[in-house]
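Please look over the model below before reading on.

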Amino acid sequence: MEHSKCDICSADDDLWMCIICGFIGCAPEGPSNGHIREHYEAQKHIYAIEVETKTVYDFAKGGFVHRLL
């Protein structure tokens with residue numbers, strides 16, 4: 001089974017996936033390159049899911065989402 005990697009830099013830990021288009025990027029904060037945040041800024045896709053914890057983040061509001069509906 002192949003493991004997910006950041007679509008830009010091939011990082012393989014602390015990954016996030018855009019819920020709108022499926023882009024996989026490295027974490028928006030910390031030691032990573034922040035490619036999921038760059039994706040949000042370029043595409044304005046506001047929701048991303050943290051792959052490991054399965055929690056959804058709303059970039060527009062700057063916080064985790066408890067419910068999408």
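1. Start with Cys9. Its sulfur lies 3.8 Å from that of Cys6, the closest cysteine sulfur, which is too far for a bond. A disulfide here means a pair of cysteine sulfur atoms within 2.5 Å. Cys9 counts as partly exposed, at 30% relative accessibility. The cut-offs are these: buried is under 20% relative accessible area, exposed is over 50%, and partly exposed is in between (1.4 Å probe, protein chains only).

2. A word on the source. This is a predicted model: local features need pLDDT of at least 70, side-chain atom pairs count only at pLDDT 80 or more, and totals for chains, interfaces and linings use all residues. Residues are numbered from 1 along each chain as its sequence is written, and side-chain values use heavy atoms, with hydrogens and water left out.

3. A disulfide is a covalent bond between the sulfur atoms of two cysteines. The structure holds 0 disulfides. Cys18 is buried, with a relative accessible area of 1%. Beyond its neighbours within four places in sequence, Cys18 is in contact (heavy atoms within 4.5 Å) with Phe23, Ile36, His39, His45, Tyr47 and Ala48.

4. Next, the strands around β1. Helices (H or I, at least four residues) and strands (E, at least two) are DSSP runs, numbered from the N terminus. Two strands pair if DSSP finds at least two bridges between them. β1 (residues 15-18) runs antiparallel to β3 (residues 47-50), with 3 bridges. β1 also pairs with β2 (residues 24-26) in the antiparallel sense, again over 3 bridges. Met17 shows both pairings: its bridge partner in β2 is Ile24, and in β3 Met17 stands opposite Ile49. Trp16 stands opposite Glu50 in β3.

5. β4 (residues 56-58) runs antiparallel to β3 and is joined to it by 3 bridges. Ala48 has Tyr57 as its bridge partner in β4.

6. Now the helix. The buried residues of α1 are His35, Ile36, His39 and Tyr40. Seen down the axis of α1, they fall within an arc of 150°, so they line one face of the helix. The arc is that of the directions from the helix axis to the C-beta atoms. These buried residues pack against β1, β2 and β3. Just after α1, Lys44 takes a positive phi of about 60°.

7. Which residues make up the largest nonpolar core? The 9 residues are Trp16, Cys18, Phe23, Ala27, Ile36, Tyr40, Ala48, Tyr57 and Phe59. The elements giving two or more residues to this core are β1 and α1 (35-43). A nonpolar core is a set of buried Ala, Val, Leu, Ile, Met, Phe, Trp, Tyr and Cys residues joined through side-chain atoms within 4.5 Å.

8. Last, Phe64. Its place is in strand β5 (residues 63-65). Phe64 is partly exposed, with a relative accessible area of 46%. Not counting residues up to four places away in sequence, Phe64 touches Trp16, Glu50, Thr55, Val56 and Tyr57.
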